[in-house]
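Keep the structure in view as you read.

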Amino acid sequence: MSNAPETSAYLRTEDAPLLPAPISMVGIQGWIIANLFPTVGNGIVSILAGAFLVWIGWGVLDWALFSAVWSGENREVCAVEGAGACWPFVYSRFAQWIYGFYPIDQRWRVNICFLVGAAALIPMLMPSMPHKKWNALFLLIAYPLITLILLTGGHFTMSASAFLNAFIILALVATFLPLVAFGIEEGIQSNRIGFGLAGFGILVWLASFVIGSSIWHSALGSFSPGSVGAAIFIGAGGLLGIGQLRGADNASGQAVLRNWLIAGAVVFGLMLILKMDFGLQEVETSQWGGLLVTLVVAITGIVASLPLGILLALGRRSKMPIVKTFSVIFIEAWRGVPLITVLFMASVMLPLFLPEGVNFDKLMRALIGVALFSSAYMAEVVRGGLQAIPKGQYEAAQALGLSYWKVMSLIVLPQALKIVIPGIVNSFISLFKDTTLVSIVGLFDLLQIATTTSNDAKWASPQTGSTAYFSAALMFWIFCFGMSRYSLFIERRLNTGHKR
Amino acid sequence: MAEAVKNVHVSDEIAIQIIAMNKWYGEFHVLRDINLTVYRGERIVICGPSGSGKSTLIRCINRLEEHQKGDILVDGIPLTNDLKKIDEVRREVGMVFQHFNLFPHLTVLENLTLAPIWVRKMPKKDAEAAAMKYLERVKIPEQAKKYPGQLSGGQQQRVAIARSLCMNPKIMLFDEPTSALDPEMIKEVLEVMVDLAQSGMTMLCVTHEMGFARQVANRVIFMDQGQIIEQNSPKEFFENPKSERTKLFLSQILH
């Protein structure tokens, strides 16, 4: 400043007056001037764009409302010159769009599922509602069970060997429990014999596939010799694992054991409930269709892909080479193939690999395919969020003595997921629309049923097809736009005072 | 600066023992033959030019960095790959970072109670009562319900200190706690640290605040190129440095 000329001394004696803002800053008039006609060029563009919007808007309104046909019994009312949308067609077929070929006298079951779902979901989505934990438990455990039983009719065949298999899996988990309670090294040490037995059990089980002897079958009734052998050895391994936990004077050991017992009770409880006969008529999934199928596929995909995606994203950033390699291969394999291919593989090729007699439901296969496919995408979205969390956050959490899972679940994931809400919802929306692809494996989703019904000779007219697609598009749009708005709402809500 | 911290008992009980410790980043030998014994109640200031390995050294003590050769014993617990031992050490050793590293999605109170609740399994009520006690000690109880982003740098660092204290650590590590602060905020953080030293906490502090070193430390360690070059009482260290490198360093930072 030394070169600047010295200014004369100045002292303000009176405050400058506070003036109202100029007219261009306030009111509707100000807004219009500031945003639409700031310059002549911008004004011309505004007028042209406005005229275009009015032209398009008028066209749509004219077609959908003013020239539309509103009532009638068949195609004759719609197949007239100059007619717009053919609404009586939509009205007469709407039930089919919602339920597909679900038996008419059983549709109340679908309605209950929709209603209970909405009644449980709405309070879950409202941050001010209490009891979020119970609400979430209901939505994630009870609701899927209720839906499964109501929609299919329940009364699943649960053979004795299914229970035996559940026992084997639980015993295998029990064998590994000391690892969870005592850490990897000490855990392996404490249950060495158990691991040996379980390993031998798995070998027996695998060998039974190769050797497969019918003599054994007759001796053991419906059980396969492999599973019986596996059950004996793995069961012994699991018992030893539980013994280790009970023997150790260790609080986390007791907690692990308690969780295992609860999980076991839930698994057998679920199997028994699914086996129960509620007197409902069986409705095969091939009879499901329309919005029902779209929602079942989309919601299962959404609910399964988020936790799976989080686990895969964490796996991909893991320091353990096996976990990391598995995650990378899984993600890249699924991302590398089109969803159509996945669905074809699931419905055509998968049965070739399964042992004879094991038959997965077609809808079930599509569900698994969609869920795994979208979890690979979700994993990459979540990984983006994880990368945005500074290293200092991990270090501060570790320095406080938090374990890996607590660092992740309490510190890193809440921040990472918040950052990628737009990406997550983007994936959900895209998944919701990709459900239309299940039609290529012969499932009747909303779009497919709209197409099919519009080809019905009773309603065929020049406007039927466009009306069908317009309505289907509107229904998809309502769901997707809802998700989009909700994500904006949550983003804004989580954003208060969080700036770093 | 105020008068020196006095009458703080240094016991002959060993808090940290580092024996012939070496660490590499890939090919680069960052810490070379470190030998250091810290007794309970000691306040040690570590200084040295940037890149001398002083931060890395204290980060090895709670295993944020792992060493490749030699031994580190914290409270008698050897630091190896054993995760349980590492967790045991981390529960007893608090750490304060240059950039505070508060959890931005949690309120100040939640930042403080998180570890006591999830690591110490303390009931929420007790954890909150303890947290308020420590917030009072760092003189910002009125900020408990705010988010870290709403506080000034000095306040954030004091919250970070309180967060570590909530775990009742036996040892506190400070990694350049005032380097990211505006000058007028450095004082309020140093005051809290002096108070902590007065209470007999074992402290290892990487800092360039030489006034703080004179006032609080009972030992100053000078590091350069991954080695401990010189250690002495603050009086001797500042008035009578032995090595050329120390003299050069002191001449550069003390104007």
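## The cavity

This predicted model holds 1 cavity of 30 Å³ or more. A cavity is a set of points on a 1 Å grid over the protein atoms alone, where a 1.4 Å probe fits but cannot get out. The largest cavity has about 70 Å³ of space; a volume is the space filled by probe spheres set on the points.

Its lining has 13 residues (an atom within 4 Å of a point). A399(A), L400(A), V93(B), G94(B) and M95(B) lie nearest the centre. By class, 8 lining residues are nonpolar, 2 polar and 3 charged. β6(B) gives the most, with 3 residues. Strands are DSSP runs of E, at least two residues, and helices are runs of H or I, at least four.

## Where the chains meet

Contact means heavy atoms within 4.5 Å. Chain A brings 23 residues and chain B brings 25. The area buried between them is about 2200 Å², with 61% from carbon and sulfur atoms. Buried area is the accessible area (1.4 Å probe) that two parts lose on being put together, summed over both.

There is 1 salt bridge between the chains. A salt bridge puts a side-chain nitrogen of Lys or Arg within 4 Å of a carboxyl oxygen of Asp or Glu. Here E395(A) meets R59(B) at 2.5 Å, N to O.

## Reading the values

Residues are numbered from 1 along each chain as its sequence is written, and chains are lettered from A in the order in which they are written. Local features need pLDDT of at least 70, side-chain atom pairs need 80 or more, totals for chains, interfaces and linings use all residues, and side-chain values use heavy atoms, without hydrogens and water.

Technical notes:
1 Å grid on protein atoms, 1.4 Å probe; cavity = no way out; pocket = protein on both sides within 12 Å on 5 of 7 lines; lining within 4 Å. Nonpolar A, V, L, I, M, F, W, Y, C, P; charged D, E, K, R; others polar.
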